[in-house]
Structures are given as C-alpha cells and as structure tokens.
Amino acid sequence: MSTETRTPEASSVQLTPQAVAPFEATLAAVPDAGTQGYERILQAIADAQSVEDLDAPWRSQGMEAYLGRDLVIRSIQKMPSSYEGGIPWFLVVDAVDEETGQAVTFTTGAINVVAQLVQAFALGGFPLKVTPAESERESAAGGRPQHLVIRK
C-alpha cells in the first residue's frame with residue numbers, strides 16, 4: 001500500500017549530509033509504518049462506499065491529489081526511501097479532508113514537505129491544518145517544488 005511518490009524536484013536533488021543532519025534525530029522518533037499497512041488496507045476496504053472504492057488502498061496517491069485542498073494532518077509515519085541523495089525516508093501521512101470530512105492517506109517524499117512535517121512532529125504540532133501547494137514555476141530540475149501552507 002505505501003509506495004513512495006516523488007516529484008521531479010525531490011528525485012533530482014542531492015542533499016549534503018549537513019542539510020539532512022538536523023532532521024535525523026527527529027526522523028528516528030517518527031514511527032515506522034511497518035506492518036500497519038495491512039491494517040490500513042483492511043480499514044480502507046471496510047470504509048468503501050462503492051465498488052469502485054474497493055481498490056482504493058492500491059491507488060497510491062501522492063500529495064498531488066490534494067494540492068489546494070484544506071487538510072488536517074493527524075499523524076505521520078516513515079518508510080525507507082529508495083531514492084539516493086535526498087532525505088532517507090518518505091512519509092505516510094494520515095489526514096482529513098476538511099471539505100468532505102473524509103480520512104485520506106497519502107505518501108510524500110517532497111523534501112520541503114517532509115522537513116515541515118518532521119519539524120511539526122518534533123514540535124508536537126499535530127493535528128496540523130495545512131493546504132498543500134506547489135510552486136507556479138518549474139525548478140531548474142524541471143519539477144514544481146511542493147510545500148505546505150500552514151493554517152490556523
């Protein structure tokens with residue numbers, strides 16, 4: 001269920017160990033997603049409101065599906081990243097779509113978003129009201145860097 005999604009920005013950036021170092025201790029404290037993926041799969045199937053929703057657990061969506069939507073982040077878990085040079089983890093994010101009230105789970109390896117959520121975790125900032133956004137302009141690497149607009 002938890003597969004890593006990456007924006008071109010995230011997969012092409014080579015971070016120095018010094019850039020990642022401030023997040024290592026906090027990342028170590030973020031819970032591992034581990035085998036809870038199976039429980040999420042069963043819960044998503046039980047929550048299906050239509051036949052079309054029965055395969056929802058395997059339709060891995062990154063944060064792109066929620067750009068511009070108001071979300072409340074409830075928790076994060078980490079999974080090891082298979083991408084070299086970036087943050088060595090991606091996050092599985094548990095949130096609620098404020099407009100629909102629907103619980104949503106998505107993955108993100110976007111460097112800015114991972115950093116924001118890990119720091120929010122360290123600060124005890126969950127639940128956290130956010131609106132996912134991405135740059136209007138492409139980066140030199142061809143991607144549109146993503147970030148979270150924090151709301152009160």
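I45, V51 and L54 form a nonpolar surface patch of about 260 Å². The model is predicted, so local features need pLDDT of at least 70 and side-chain atom pairs count only at pLDDT 80 or more, while totals for chains, interfaces and linings use all residues. Residues are numbered from 1 along each chain as its sequence is written, and side-chain values use heavy atoms, without hydrogens and water.

V51 lies in the loop between helix 3 (36–46) and strand 1. V51 counts as exposed because its relative accessibility is 66%; exposed means over 50%, buried under 20%, and partly exposed in between (1.4 Å probe, protein chains only).

The protein chain contains 4 helices and 5 strands, where helices (H or I, at least four residues) and strands (E, at least two) are DSSP runs numbered from the N terminus. Their order along the sequence is α-α-α-β-β-β-α-β-β.

Of the 152 residues in the protein chain, 39% are buried. The largest nonpolar core has 24 residues, of which I73, I76, F106 and L117 touch the most other members. A nonpolar core is a set of buried Ala, Val, Leu, Ile, Met, Phe, Trp, Tyr and Cys residues joined through side-chain atoms within 4.5 Å. Helix 4 gives the largest share of this core, 6 residues.

Key: Patches are made of residues with over 30% relative accessible area and no salt bridge: like charges are joined within 9 Å, nonpolar side chains (Val, Leu, Ile, Met, Phe, Trp, Tyr) within 5 Å. Accessible areas come from the Shrake-Rupley method with a 1.4 Å probe; for residues, only the protein chains shown count as cover. A salt bridge is a side-chain nitrogen of Lys or Arg within 4 Å of a carboxyl oxygen of Asp or Glu.
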